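Dear colleague,

I am passing on the structure we spoke about, and below it you will find my notes on what turned up in it. Please read them alongside the coordinates.

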Amino acid sequence: QVAKGSSEIRVPLGVGIAGFVATTGRSVNIEDAYKDARFNPEVDKKSGYRTKTILCCAVLGDSDEIVGVLQIINKERGVFGDADEKLLKSLNETVASGIRRCQEYSGMKTEYEAALRSQELKSEEYISSAKKEFGAREEEYSQKLAQGERKAQELQEKLRIEMEKERQFMEKEKKLESMLALQKIETEVETIESLKELADLSGELARKSSKKGKEE
């Protein structure tokens, strides 16, 4: 189930799991969100979604400053483990790189627009040169962003494959448990039948012994 059609939800810094991670920079792996005092249920109320498991980590910039938070919720089966944390860390690096490039692109665009507004850039020749440079750099960053998106897709596919492998493993484990339980039942039935046969044999021997005693 996904919270479809919900509008953007904003929470104050330090509120909820994402706010805690954004403030402290510490990664969080929660098995039951509603048992964690840091969890903010207001987000569920607004989205109509029910949060269970949470894996959340901070996105760090070049100087290890916190520039965002990456959070995944509600693993399909079980809780998030070490493999999920490693995959999230790999995805985190790609997201951090993308954010950094966007910031660089935004800063470059801001500088360019400010330069155009400046009285020093009234010369058409200077403006033309600046546009060419901006266009070349814009193309370069667009290519880098596209590369980042492809890497993110590859990591998402790896995560899907790992989750599928885990699902198959759990199914095999359940089948094995069922087989062992059935084998145990069959063994118990055989034991009961053996005890019954032994009891019948003992009864028969007792009857024969009694009959022989009477004849003597």
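In this predicted model, the side chains of Lys-45 and Glu-42 come together in a salt bridge, with a distance of 3.3 Å from N to O. Both residues sit in helix H2 (residues 42–47), where, being three residues apart, Lys-45 and Glu-42 are separated by about one helical turn. Lys-45 is exposed, with a relative accessible area of 62%, whereas Glu-42, at 37%, counts as partly exposed.

This pair belongs to a set of nine salt bridges in the structure. Another of them joins the side chains of Asp-36 and Arg-38 at 2.8 Å, N to O; here Asp-36 is buried, at 17% relative accessible area, while Arg-38 is partly exposed, at 31%.

A further salt bridge is formed by Glu-166 with Lys-75, whose closest N and O atoms are 2.7 Å apart. This pair links distant parts of the chain, since Glu-166 lies in helix H4 and Lys-75 in the loop between strand S3 (66–73) and helix H3 (82–117), 91 residues apart. Glu-166 is partly exposed, with a relative accessible area of 26%, but Lys-75 counts as buried, at 11%.

As for the cysteines, a search of the whole structure finds zero disulfides. The sulfur atoms of Cys-56 and Cys-57 are 6.5 Å apart, and Cys-57 holds the closest cysteine sulfur to that of Cys-56, so the distance is too far for a bond. Both residues count as buried, Cys-56 at 0% relative accessibility and Cys-57 at 8%.

On the surface, Leu-195, Leu-198, Leu-201 and Leu-205 form a nonpolar patch, with about 410 Å² of accessible area together. Leu-205, one of these four residues, is placed in helix H4 (residues 124–215) and counts as exposed, at 51% relative accessibility.

Turning to the protein chain as a whole, there are four helices and three strands, which run α-β-α-β-β-α-α from the N terminus on. Of the 216 residues in the chain, 21% are buried, and the accessible surface comes to about 16,200 Å², with 51% of that surface belonging to carbon and sulfur atoms. Among contacts between residues at least 6 apart in sequence, 56% join residues at least 24 apart.

Note on methods:
Residues numbered from 1 in each chain as written. Predicted model: local features only at pLDDT ≥ 70, side-chain atom pairs only at ≥ 80, totals over all residues. Heavy atoms only, no water. Patch = residues over 30% accessible without salt bridge, like charges linked within 9 Å, V, L, I, M, F, W, Y side chains within 5 Å. Areas by Shrake-Rupley, 256 points an atom, 1.4 Å probe, with all protein chains shown as cover. Helix = DSSP H or I, 4+ residues; strand = E, 2+ residues; numbered from the N terminus. Buried < 20%, exposed > 50% of the residue type's maximum accessible area, 1.4 Å probe, protein only. Disulfide = S-S within 2.5 Å. Contact = heavy atoms within 4.5 Å.
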